[in-house]
Amino acid sequence: MRAAVIVFPGSNCDRDMAVALEAAAGRPPAMVWHKETALPEGIDLVALPGGFSFGDYLRCGAIAARAPIMAAVRAHAAAGGMVLGVCNGWQVLIEAGLLPGALMRNASLKFVCRDVHLAVGTRASPFTQGFGNGAVVRFPVAHHDGAFVADERLRVRLAEEDRVAFRYTDAAGKPAPAANPNGSTDNIAGVLSENRRVLGMMPHPERLADPALGGKDGAQLFASLAASLEAA
Amino acid sequence: MHETARKEPLRREPDVTQALAADHGLKPDEYQRILDLLGRTPSFTELGIFSAMWNEHCSYKSSKIHLRTLPTEGPQVICGPGENAGIVDIGDGQAVVFKMESHNHPSFIEPYQGAATGVGGILRDVFTMGARPIAAMNALSFGAPDHPRTRRLLAGVVEGIGGYGNAFGVPTVGGELRFHPAYNGNCLVNAFAAGLADADRIFYSAASGVGRPVVYLGAKTGRDGVGGATMASAEFGEDAEEKRPTVQVGDPFTEKRLLEACLELMATGAVVSIQDMGAAGLTCSAVEMGDKGDLGVALDLDAVPCREAHMSAYEMMLSESQERMLMVLDPEKEAEARAVFEKWDLDFAVVGETIAEDRFLVRHGGEVKADLPLKALSGEAPVYDRPWTETAPPPPLGEIPAIDPAEALLRLMGSPALCSRAWVWEQYDHMVLADTVVRPGSDAAVVRVHGTEKALAFTADVTPRYCRADPLQGGRQAVAEAFRNLCATGARPLAVTDNLNFGNPERPEIMGQFVGCIRGLGEACRALDMPVVSGNVSLYNETEGQAILPTPTIGAVGLLESLDQVIPMAPGDGATLMLLGPVTGHLGQSALLWELWGREEGAAPPVDLDAERRAGEFVRSLRDKGLISAAHDLSDGGLAVAAAEMALAAGRGVALDQRSDLPALGWFFGEEQGRYLVAATGEEAAAEIARAGRIAGVPVARVGEIGGDTVALGESRLKLAALREAWSGGLARLMGEDAAG
């Protein structure tokens, strides 16, 4: 797997993402500065990491979505390339028009950092094909603006098209209201694009991809990506 | 209001008089010292510079002679106090760089920005030295839980710390939170940061080389923070500008860019010396660089990037705008330096140069605004040996009411003092950088040294109740508890930073608290081999004559050679609990007395530093021999609280035995020092621990067992679930929030 991590000036999970990608792919990803206008040749996956891309004093990700490199990211996605946006990365993908819906301030109005349980909503994507059937995994969240909001039409459409990649659940895999850390519609924690090759998600798989940190559920997502490329 | 006055504001500066000097916080004898030093009346800008350099915050004039008694050296110390932060060797050519600093008054006035800029300041202290910040902590003291200001301050301070640290990208992994009416009018916000650097790539503030450019980097200069406690802008005339808030506004995004730009710039070899602009901004940083390098500095303020129009020299020299750095650069590397600044879209400007003479020359608009002997600004600052009195002994310990031990435990664990802090640390990103091995809520947080198997442990501790009752024992105890938290996590303690928060030093009884605490800190740091490598003094923490509790916060750092040295806090099912350390049933100044009955009586628990050291080393030796599966230190609330915390971490009940030779409350809730609870890995291990204790000179007693769903204190019991509910919802109740949310 040849991956690239886009680095905005306020990205702060870029290194974490690179470590997890290298562990899965066996080679370090290219770190691509936001002022670049092209991706390196032959990139399979573009990852947009967490952080506060341009301070996020206005709408999170709104300025990053207009950075020079984003034209190349859009072209990569349009050509069927894989794109992963985590946390701030998902916010950027929504602002860039690559994923639907909106991410609003958490219902608690507070930043929230803790482990959450997630049910894998669909295995029909390169990101999730490696998870077990009905798998419940544990990833951390760390965000202030992670409430995914979809209107009724979008909510129904995402369900019909099987595009909800992850839902917040309790440890048993039930999408209970108390398990929803931010007030997201239908406990939605991650959404796929129509062609299923762009994923935006709030939880951080790269933060629990190493047993020394207390878990390695996150590594499955990156392993799944690497495996999908080998199969292709 | 004249139109012309708006376009060209008055440039007339007020005449410098003794009265104006007094408005700047300078005492008559201090002003006379300035007149003698210069042989003339200072200019307005010069007066501002003196007031900034000679105030308590920058000059340490009341504390200096006492701080000198603290141990600051050791084989592990690369750089002790006096630089932006302390530096300690952690082997393999690496160093940990750390410091703690207060932002008390600003946080009381404007909790979000006050706390946020406190975090920003301490992070800059660390990366100024070439270290990438890897961990942050904070020690917070607020007034009584039911005081009308407490909720707003707590909410704002926590949000501000998170708002800055989360965006900057440093994991906030630990700290302290306390409530006491003595902080009603004066909260404490002490911020700690630690960074990682290569031991041979550390940057200092001492300038070197004559004629080198002095470069300004970072955010623009505004009027924020100008003379917080000094100048009234009305002096400028009737068209005086609106009063600016004296609390600065933080911008973590600029700080993040400043961090990356500084580290990149340092890698190019362009940086000769560097100093962040903190308190008293440009004044302090320029003088510091010149003073340490035995050079003069000439500044041309026309080049300073300003956020506001018509700023005067006085304002620019005293502005405390955030996210700014001053550097001396190698002129031959200017092109590389420029490329880095431009990459990160940061303002930079050559604002002066180093000169050979001992002179601080400030020009603005073609005029000389200040022309002072540079060394005298710090070297000639006043130093006081303020009178002090011994602290009177606390009232004797009166009779203790009877209470069911389980009921007492439930109330203690649900109290604001001892309930779960998750409400706080879930608002902090404590996992960013993906190296947090032990998260908040344990004895000490553990952060892996990136790319290695080593790790660093961090803790912040002090028990102000003890410090007020007995400054000497309280000072010792602050260091001892930090030592204990590090040992309980399996770390070898390395060094400490101290953040000394006290009342008005001009009152002999407050100065007595300060002197006593310093003595205690010094003794403990020596006995436990934890030198003080950095620190900060915050005095005058009082409102209407009501001083805070003496609060010498200790931030401590320990080293784990490998991740498998970590000792967890959660024991397994069926584990046998062994108590290490003395048993006397000491209830004087205990959490039990204060939280249940509002009483602060009796002597503070004595700290036997030799025993403390033996016990700490003993815990690590048990870990090395594979005899224990978990450990936890005993502090507030004693044995019962420590056992309950282990039970909650394990998700299982615990049964503690009663002792026939002690009153139940003393046994379960006594706060004897130098104690740990450890979980033996089995029957044989328990016997071996007892044997090893006899040899090591550490008392060992088998006290109970983990298991079931009940917490039993002798015959008295309650359900673990009830305890968890009281404990986990404590802060949400205090904040008036739905505990379920």
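Start with strand S8 of chain B: S8(B) pairs with strand S10 of chain B, residues 324-329, in the antiparallel sense over five bridges. Pairing here means that DSSP finds at least two bridges between two strands. Strands and helices are DSSP runs, at least two residues of E for a strand and at least four of H or I for a helix, numbered from the N terminus. One residue pair to look at is B:Ser273, whose bridge partner in S10(B) is B:Val328.

This is a predicted model, with pLDDT of at least 70 required for local features and 80 or more for side-chain atom pairs, while totals for chains, interfaces and linings use all residues. Residues count from 1 along each chain as its sequence is written, and chains are lettered from A, ligands numbered from 1, in the order in which they are written.

Now the whole sheet. Seven strands of chain B form an open sheet with mixed pairing, in the order S8-S10-S7-S11-S9-S12-S13. At the edges sit S8(B), 271-276, and S13(B), 367-372, each pairing on one side only. Neighbouring strands are turned by 25° against each other on average, direction ignored.

Helix H11 of chain B, residues 281-293, lies across S8, S9, S10 and S12 of chain B, at about 140° to S8(B). Axes are lines fitted to C-alpha atoms, for helices over the stretch in contact, and angles run from 0 to 180 degrees between N-to-C directions. Contact means C-beta atoms, placed from the backbone, within 7 Å.

Next, a helix pair. The axes of H18(B), residues 471-488, and H21(B), residues 609-624, come within 9 Å and cross at roughly 10°. The two helices are therefore roughly parallel to each other, a label for angles under 35 degrees. Among the contact residues are B:Phe483 and B:Arg484 of H18(B), with B:Glu612 and B:Val619 of H21(B). By class, that contact has six nonpolar, one polar and four charged residues. The nonpolar class is Ala, Val, Leu, Ile, Met, Phe, Trp, Tyr, Cys and Pro; Asp, Glu, Lys and Arg are charged, and the others, Gly among them, polar.

On domains, chain B is divided into domain 1, 204-379, and domain 2, 567-741, with bounds from an automatic or database domain assignment. Their C-alpha centres lie 52 Å apart.

Last, the interface. How many residues of chain A are in contact with chain B? There are 24, against 23 residues of chain B. On the chain A side, helix H1, strand S6 and strand S7 each give two or more residues. That side divides into 13 nonpolar, five polar and six charged residues.

Definitions and conventions:
Contact = placed C-beta atoms within 7 Å. Parallel < 35°, antiparallel > 145°, perpendicular 65-115°, else oblique.
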